[in-house]
Amino acid sequence: MTETSGTAIRGQLLWFTGAPDTPSNIHHIEDGVLLMEDRKITACGPAKDILPRLPKGTAVDHYPGHLILPGFIDAHVHYPQIQIMGAHGKQLLDWLNDYTFKAELAYRNPDHATLNAEFFCDELLRNGTTTAATFCTVHPTSAEALFTAASGRHMAMIGGRVMMDRHAPEGLRDTPQQAYEQCGALIRKWHKTGRNRYALTPRFAPSCSPEQMEVAQSLRQEYPDVYVQSHLSENCAEIDWVKELYPERNGYLDVYDHYELTGPRSLLGHGIHLTDAEWQSLADRQTTLVHCPTSNLFLGSGLFDLARTRTENVPVALGTDVGAGTSLSLLATLGEAYKIAQLRGASLSAFEAFHMITLGAAQALNLDHEIGSFEVGKTGDVVVLDPNATSLLHHRMKYTDTLEELLFVLMTIGDDRAIKATYTAGEKRHSR
Ligand code: GUN
Ligand code: ZN
């Protein structure tokens, strides 16, 4: 090891190098040290091996009794909607019209966008989330604000300005030409600038005309390594509407398939009501579904079939989908994913759950070369969990015997209070 001053984190380490149904993919060190130098992980192993070899001047942040994991990944969230979380009483299409669009109109004001983007990024870190695939609004300033806030915190952010040229109020609609010019400019400025990545963000098929979809298709051809994020088959009335608007297409997913907006690096939120042919297409093209359990329950959208993603080999990640989602905590979100699995007669183990918000998500997002585990060479994005953060957790933990039990309790009754510290690119950005 060289004589640079890095940061070492000491405590109980847990990470995955593959799906946890193979036990050798689960890595757990009771007293471990993770060394981060120049933003990257440069060593990881038992404290007794690493501590004597630490370069002089390395700060050691010691977290006895804590659990240290790779930073969490939220694969679907709308930062402008934080201000409408918990809006009462509607299903998707009414909720969009009555609450969402009104809130998003305010983002034409750059000061409002900046205030909320900064707040959003701080909240992500308070929740242990170091990467998020984030919807902005139709206003380019909303994306500028997000990428600026994320850059200041060295987060690996995926974001995009919403494309929406119909079925939305004046002030929230663009034209295909504006979308082409503004999204192209944002891609050139922000995609792969620092840790940022751009996602083309056609809001969903109902809000995009065929001409708008063609623009998204052209931009993806011009910039083939950008992401795509959108919504798919969340609500039954929404699906009927897509069939009316795109009668020439063979269902909802076929709209995105037709415009070549699927495949690796395409993240489609929800996918609750899918046909057999749609499952097949997702698997064939390796399009990622993003399960958003708190949102699906809140809007009464339906129960996602997580087990089928495994049997069909469809990549899957987890999203909070704030503001239809009711928490920015991926711990709380896992707790709801478990309950939905229960209602479907399936299950979700604690190891599967924590894999899903770390390495599993990194793989689904094609970012596993950079994030998702503690392998040497990856970027130092880390979350430190306090299993005794609240009096209830402290009491409950006395009655857990295994790591798996502890993790399961954390995802069932834990929340942002269980996040002791969050690091991005090797540096502490949040602690409590
Ligand atoms: N479908 C289209 N837009 C949205 C949105 O903002 N939230 C959710 N949950 N679904 C959508
Ligand atoms: Zn959404």
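**A cavity and a central strand**

Colleague: Which residues lie nearest the centre of the largest cavity?

Modeller: In this predicted model, local features need pLDDT of at least 70 and side-chain atom pairs 80 or more, while totals for chains, interfaces and linings use all residues. Residues are numbered from 1 along each chain, chains are lettered from A and ligands numbered from 1 as written, and side-chain values use heavy atoms without hydrogens or water. A cavity is a set of 1 Å grid points where a 1.4 Å probe fits but cannot get out, and lining residues have an atom within 4 Å of a point. Of the 13 residues lining the largest cavity, those nearest its centre are His78, Leu92, Leu96, His231 and Glu234.

Colleague: Which helix gives the largest share of that lining?

Modeller: The lining of the largest cavity has 5 nonpolar, 4 polar and 4 charged residues. The largest share, 3 residues, comes from a DSSP run of at least four residues (H or I). That run covers residues 92-105 and is helix α2.

Colleague: Which residue of β15 stands opposite Val382?

Modeller: Strand β14 pairs (at least two DSSP bridges) in the antiparallel sense with β4, residues 59-70, over 4 bridges, and Leu67 stands opposite Leu385. β14 also pairs in the antiparallel sense over 4 bridges with β15, residues 419-424. In β15, the residue opposite Val382 is Tyr423.

Note on methods:
On a 1 Å grid over the protein atoms alone, a cavity is a set of points where a 1.4 Å probe fits but cannot get out, and a pocket is an open set with protein on both sides within 12 Å along at least five of seven lines; lining residues have an atom within 4 Å of a point. Ala, Val, Leu, Ile, Met, Phe, Trp, Tyr, Cys and Pro count as nonpolar, Asp, Glu, Lys and Arg as charged, and the others, Gly among them, as polar.
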